[in-house]
Amino acid sequence: MIYFHWIAGTLLASIWLSRVVDTSIGVRTLVNISRPEWDRNPSTPAGNPRVTIIVPARNEEASIRQALSQLLALDYDNYEIIAVDDRSTDRTGQIMDDLAMGSSGRPRPSNANIRVVHIIELPPYWMGKAHAMWTAAKQASSEWLLFTDADVMFRPDCLRRAIAYAEAERADHLVLFPRTIMKRPGEKMMLAFFQLMFVFGHRPWKVADPKAKDHIGVGAFNLVRRQVYEAVGTYEALRFEVVDDMKLGKVIKNAGFRQRNVLGGDLLEIHWAQGARGVVRNLTKNFFAVMSFQSWRAIGFCVAAAFLNIMPFAGVFLANGWARIPYAVALACLFFLYFGMSLFSEVRPWYVLLHPFGTLLFIYTMLRSMFFALRNGGVEWRGTVYPLDELRRGLV
């Protein structure tokens, strides 16, 4: 048994130490556009390029008014908003129409730049969100398209800074990471684990390297040049993708276009889920899709996640004598990563003590996602069922 602990502990220490070194170096290369040097207008011969902001929404009456009101208050002077009511059964569409008409009941002035599209029926072989964004993009003629979500909150200077950076870098696709609002301990525990694993698998600092396979897309802020969006096949190429935001980043990177990610402080905020249960519920739709709807991959993820994230804690107690040292090194690396995370979020370093519990909840979420998809023969999201066979055929 002592040989097992030496081998397992050394392997874990090596993995986590490499993550610490890579992350420590990589994060420093990420640009933060909330810094003063990006408080400027884009430098282009034609002035500020036109931007169309596309906001799909289905049953988002709780957040849509605030989200659209903040978009209408952006300090960028050349943009429009296309808000898409995707078959909502609540007041989402009515709220959109009210904002478009203005408080007086008359159409808003031209500089308000908001249009509303109502989708009544979803065509076959389309995910609802992908279809909503594709429908809106067909009506836009802007140089840039910004795909965002109906629960994302923008600071007034967010778009101006993002376009200034994108034009300066000659980027084709820009991802701005939102600040995730975390109100409850369960949210912090779950989202800390999620962020750690996300960076583990998708290194944001490698995305700009054309030789690296790393790619990223974020539903809160995917800014794409229109000609690039059309070159990769538009959202029609992602028509049946559950994780459409990440896959948009993948097809853009694979096509050889220039992809960039930036930090933004509080330029962009989202409260993604209510408590640990909310995180589990939201991820149930996506998690099995991340594994390409393949059971062996989902189970493999669960085994790997347990080994990587629980074994360092267990090994310190199970091993004897010097065999505990590599496990302790792995734990020290985890603490260092949580400390680094605390510099950018509301997660304090001591949340590393909850890391094993977060791991177990994510393993449960993966198994739950797989179970429901296999039992129901598909994925259900916001009242629509998408057959599993068609989802597998539609994978990018």
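Two strands pair if DSSP finds at least two bridges between them. The model I am reading is predicted.

I began with β5 and β9. Strand β5 covers residues 144–147 and pairs with β9 in the antiparallel sense over four bridges. I looked up one partner by name: Trp-144 has Arg-225 in β9 as its bridge partner.

I then traced the sheet around them. It is an open sheet of eight strands, and the order is β1-β10-β7-β9-β5-β2-β3-β4. The pairing in this sheet is mixed. Which strands are at the edges? I found β1 (31–32) and β4 (114–119), each of which pairs on one side only.

**Entry: the three-strand sheet**

I noted another open sheet, made of three strands in the order β6-β11-β8, again with mixed pairing. Its edge strands are β6 and β8 (179–180), each pairing on one side only. I checked how β8 meets β11 (residues 268–270): the two pair in the parallel sense over two bridges. Opposite Arg-179 I found Glu-269 in β11.

**Entry: aromatic pairs**

How many aromatic pairs does the structure hold? I have 16 in my notes. One of them is formed by Trp-126 and Trp-134, with 4.9 Å from centre to centre and 35 degrees between the planes, and the pair is tilted. I looked up the exposure of Trp-126 and Trp-134 as well, and both are buried.

The next pair I looked up is Phe-154 with Phe-221. Their ring centres are 6.1 Å apart and their planes are at 35 degrees, so this pair is tilted. The cut-off is needed here: planes under 30 degrees apart count as stacked, over 60 as edge-to-face and the rest as tilted.

Where in the chain do Phe-154 and Phe-221 sit? Phe-154 is in strand β6 (residues 152–154), while Phe-221 is in the loop between α6 (185–201) and β9 (222–225). The pair links distant parts of the chain, 67 residues apart.

Buried means under 20% relative accessible area.

I also listed one aromatic cluster, formed by Phe-193, Phe-194, Phe-198, Trp-272, Phe-287, Phe-301 and Phe-362.

**Entry: a nonpolar patch**

On the surface I found a nonpolar patch made of Ile-2, Tyr-3, Trp-6, Ile-7, Trp-322, Ile-325 and Val-329. Together these residues have about 810 Å² of accessible area. Which elements give two or more residues to the patch? They are α1 (2–27) and α12 (324–342). The most comes from α1, which gives four residues.

I looked up Trp-322 separately. Trp-322 lies in the loop between α11 (311–318) and α12. Its relative accessibility is 66%, so Trp-322 counts as exposed; the cut-off for exposed is over 50%.

**Entry: cysteines**

I searched the whole structure for disulfides and the count is zero. Cys-302 has 9% relative accessibility, so Cys-302 counts as buried. Cys-333 is buried too, because its relative accessible area is 6%.

Notes
Residues are numbered from 1 along each chain as its sequence is written. This is a predicted model: local features need pLDDT of at least 70, side-chain atom pairs count only at pLDDT 80 or more; totals for chains, interfaces and linings use all residues. Side-chain values use heavy atoms; hydrogens and water are left out. Rings of Phe, Tyr and Trp (its six-membered ring) pair if their centres lie within 6.5 Å; planes under 30 degrees apart count as stacked, over 60 as edge-to-face and the rest as tilted. Buried means under 20% relative accessible area, exposed over 50%, partly exposed in between (1.4 Å probe, protein chains only). Patches are made of residues with over 30% relative accessible area and no salt bridge: like charges are joined within 9 Å, nonpolar side chains (Val, Leu, Ile, Met, Phe, Trp, Tyr) within 5 Å. Accessible areas come from the Shrake-Rupley method with a 1.4 Å probe; for residues, only the protein chains shown count as cover. A salt bridge is a side-chain nitrogen of Lys or Arg within 4 Å of a carboxyl oxygen of Asp or Glu. A disulfide is a pair of cysteine sulfur atoms within 2.5 Å.
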